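Visitor: Could you walk me through this model and tell me what lies behind the terms you use?
Guide: Gladly; let us look at it together.

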Amino acid sequence: MTTGRNAPRRLSIFGSTGSIGQNTLDVIQQLGGRENYEISVVTGNENVELLAQQAKATGARLAVTANDGKYKSLKAELSGSGIAVAAGTAGLAEAADIEADWVMAAIVGTAGLVPTLAAARKGATIALANKECLVSAGDLFVKAVQNGGGRLVPVDSEHSAIFQSLDENQRHAVERIILTASGGPFRTWSRAEMANVTAATARAHPNWSMGLKISIGSASMFNKALEMIEAKHLFSVRPDQIEVVVHPQSVVHSMVGYTDGSIIAQLGSPDMRTAIGYALEYPRRPKLNVERLDFAKLSRLDFEAPDEKRFPALRLARTALERGGLQGAIMNAAEEVAFHAFVEERIGFLQMADIAEAVMDRMTATDGAHTMDDVFAADAEARRLAAKLVALNDKAA
């Protein structure tokens, strides 16, 4: 397939070994591969074997592992290939410095902040799958994109749906943004039933195929909480204009409500490649080999209000939005520490929200983010407090 361009577009894939990264490479291959796209950079973390395979298959100029300890292994895997190798934060900085027209920002966690921000400042189109860029440093990141002259295109299925449903000529008439949530594997469970669930149970999403962090975030609804904060920065709406509705079938990916009572929604089968392809070729819609939605086979579409008592992450997001400042960064950092503690069986599933809330309440006096140093300082302090709470739980156990 050809796209009609005179020269291949230069792409960088930050987080190529994760679920989003692998789907991105699949979409690129569907749309012509090297004939239409020049892959400048691929980055990963632990899985250097896969990273090396991707680098060779795409002809990337540079392969970066975020793990310094994996540098020698990656170097050995790519020996004789002519592909440059780098590692750690310095390697990610080098990756961000390479010119690219389009960057997939899919590094999970705060590790993705600096390289994505650097790419934004250089004027690249940022296909944003990393939540922390907007949750932790939303104002700084949006300003960097604007000053760099680039474009921000969301990749999360919900934000992509809103992006597709939002008529730029009708921004004045936007009344509300409605994010849909599947409800995850525990949608109908009581708090008592959720108290003793394991990470293996929590990661089993009923509709989507995702990595561990995102899957458990879906189960706890912390993913949706982060998406609420992202939506404020992506679409320049007030916190009171952001709604969440539970939609178990994951067919309606999100909606925009207008002042005339109209609701514009984006529907499709639950496949991340649709949102990725849209971000890659925006504003042109590409032809993708994904499952088509068959309305005749849809027996029902259900919607229900979320229960913030069973899923307090949504309430914490509203608190962060109301308080402003660095509360998004604080909530995110505390939740990341709590997530790892849950996976390591040091705390229970419900304690993730308890720890995040306790840290947020202890750090209410923080000012807004003027620099990335402010963001990292708040992030570090939130992690320290969260780790302390996890340690106290260890002693109590």
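Guide: Two strands pair if DSSP finds at least two bridges between them. Helices (H or I, at least four residues) and strands (E, at least two) are DSSP runs numbered from the N terminus. With that rule, an open sheet of four strands comes out in the order E9-E8-E10-E11, with mixed pairing. The model is a predicted one, in which local features need pLDDT of at least 70 and side-chain atom pairs count only at pLDDT 80 or more, while totals for chains, interfaces and linings use all residues. Residues are numbered from 1 along each chain as its sequence is written, and side-chain values use heavy atoms, with hydrogens and water left out.

Visitor: Why are strand E9 and strand E11 said to stand at the edges?
Guide: Strand E9 (242-246) and strand E11 (263-267) each have a single partner strand, so one side of each is left without a neighbour in the sheet.

Visitor: How do you know that E10 and E11 pair?
Guide: Strand E10 (residues 252-258) and E11 share five bridges in the antiparallel sense, and the rule asks for at least two bridges, so they count as paired. Met255 stands opposite Ala265 in E11.

Visitor: What is the order of the seven strands in the open sheet?
Guide: The order is E4-E3-E2-E1-E5-E6-E7, with parallel pairing. Strand E4 (84-87) and strand E7 (151-154) are the edge strands, each pairing on one side only. From one strand to the next, the twist averages 20°; here axes are lines fitted to C-alpha atoms, for helices over the stretch in contact, and angles run from 0 to 180 degrees between N-to-C directions.

Visitor: What makes E5 and E6 a pair?
Guide: Four bridges join strand E5 (residues 102-105) to strand E6 (residues 125-128), which run parallel; the rule needs at least two, so the pair qualifies. Leu128 in E6 is the bridge partner of Ala105.

Visitor: Which strands does helix H5 lie across?
Guide: Helix H5 (residues 113-121) lies across strand E1 (9-14), E5 and E6, and runs at about 150° to E6. Contact here means heavy atoms within 4.5 Å. Helix H8 (residues 157-165) lies across strand E8 (174-181), E10 and E11, at about 40° to E10.

Visitor: How much area is buried between domain 1 and domain 2?
Guide: About 1700 Å², of which carbon and sulfur atoms give 70%. Buried area is the accessible area (1.4 Å probe) that two parts lose on being put together, summed over both. Lys131, Val135 and Leu140 supply 34% of what domain 1 buries against domain 2, more than any other three residues.

Visitor: Why is the meeting of Lys131 and Glu227 called a salt bridge?
Guide: The term requires a side-chain nitrogen of Lys or Arg within 4 Å of a carboxyl oxygen of Asp or Glu. The side chains of Lys131 and Glu227 meet at 3.2 Å, N to O, so the pair passes. Between domain 1 and domain 2 the count is two salt bridges, and the structure holds 25 salt bridges.

Visitor: Which residues does a cis peptide bond join?
Guide: Tyr282 and Pro283, with omega about 5°. Pro283 lies in the loop between helix H13 (272-281) and helix H14 (313-323).
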